[in-house]
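Morning, everyone. I have one structure to show you today, so please take a look at it before I start.

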Amino acid sequence: MKNLSLNWNKKEEVEKNQFWSDLEKLDDFKDESVEEVIDQLVHSEKTYSVIENKPSKLSSTIHVIGDINSQSELECGGLIEGNIQCTSDVTVVSNTKILGDITARNCRINSSEILGSITCDGKISIHGSSLVKGNLVGLDMEVDGTIEGDIESFGTLELKQNASVSGNIKAQQMSIVEGAIINGKIHMGH
């Protein structure tokens, strides 16, 4: 039995269980080395994705270059240069910088900088000293940070005391707390 260690490339999204299942199903396994078989699977046309029910966390010291796709909850820290696409919830922790768009079910930004648009099926929450330079599109929104872009809420938009919006707003319903700043047009109802 040969020992083998794999170093997964972060750019390749590999569902490890499916990968090993495919490896076990190969009939010609005897004729090739383990490394050759693995190389064929990794570089095949088949697309693998990370699928787990546990939340995924990117630490505040990480620097990611490239897009991130996740089907589980995702907590982001550090510097991310790429788009984030998540079928679950995304939380961006303090002092994070994302250079790309975020698409998720729900998104919570806390004291971070996003240079890209955020699109969610559910709720978008912008808190702390967060800055978003891009558009927001979602059902419900709570903004207590700075937005430089348009906002489109298909439900309720809440602009808190520290909210500053430089862009046009479309919302079904809206509440504005004293202290919020809006520099743009407001259209109520869809």
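I will go from the whole chain to the core, then to the cysteines, some loops and a surface patch.

A word on where this comes from. This is a predicted model, where local features need pLDDT of at least 70, side-chain atom pairs count only at pLDDT 80 or more, and totals for chains, interfaces and linings use all residues. Residues are numbered from 1 along each chain as its sequence is written, and side-chain values use heavy atoms, with hydrogens and water left out.

First, the overall picture. The chain holds 2 helices and 22 strands. Helices (H or I, at least four residues) and strands (E, at least two) are DSSP runs, numbered from the N terminus. Of the chain's 190 residues, 35% are buried. Buried means under 20% relative accessible area, exposed means over 50%, and partly exposed lies in between, with a 1.4 Å probe and protein chains only.

Now contacts, meaning heavy atoms within 4.5 Å. Take those between residues at least 6 apart in sequence. Of these, 7% join residues at least 24 apart.

Next, the inside. In soluble globular proteins, nonpolar side chains tend to be buried together. Here the largest nonpolar core has 33 residues. Such a core is a set of buried Ala, Val, Leu, Ile, Met, Phe, Trp, Tyr and Cys residues joined through side-chain atoms within 4.5 Å. Among those with the most contacts inside it are Ile 84, Ile 126 and Leu 157. What does Leu 157 touch, leaving aside neighbours within four places in sequence? Its partners include Met 141, Val 143, Ile 151 and Ile 169.

On to the cysteines. How many disulfides does a search of the whole structure find? It finds 0. A disulfide here is a pair of cysteine sulfur atoms within 2.5 Å. Cys 86 is in no disulfide either, and the nearest sulfur, that of Cys 76, is 8.2 Å away. Cys 76 is buried at 0% relative accessibility. Cys 86 is buried too, at 5%.

Now some loops. Gly 145 sits between β16 (140–143) and β17 (146–147). Gly 145 is buried, at 3%. Asn 162 is 17 residues from Gly 145 in sequence, but their C-alphas are 5.8 Å apart. Ser 88 lies in the loop between β6 (84–86) and β7 (89–92). Ser 88 is buried, at 8%.

Most residues other than glycine have a negative phi. Asn 95 has a positive phi of about 65°. Asn 95 is exposed, at 70%. Ser 111 has a positive phi near 45°. Ser 111 is partly exposed, at 22%.

Last, the surface. Ile 176, Ile 186 and Met 188 make a nonpolar patch of about 270 Å². Ile 176 belongs to strand β20 (residues 169–176). Ile 176 is partly exposed, at 45%. Patch residues have over 30% relative accessible area and no salt bridge; like charges are joined within 9 Å, and nonpolar side chains (Val, Leu, Ile, Met, Phe, Trp, Tyr) within 5 Å. A salt bridge is a side-chain nitrogen of Lys or Arg within 4 Å of a carboxyl oxygen of Asp or Glu.

Methods
Accessible areas come from the Shrake-Rupley method with a 1.4 Å probe; for residues, only the protein chains shown count as cover.
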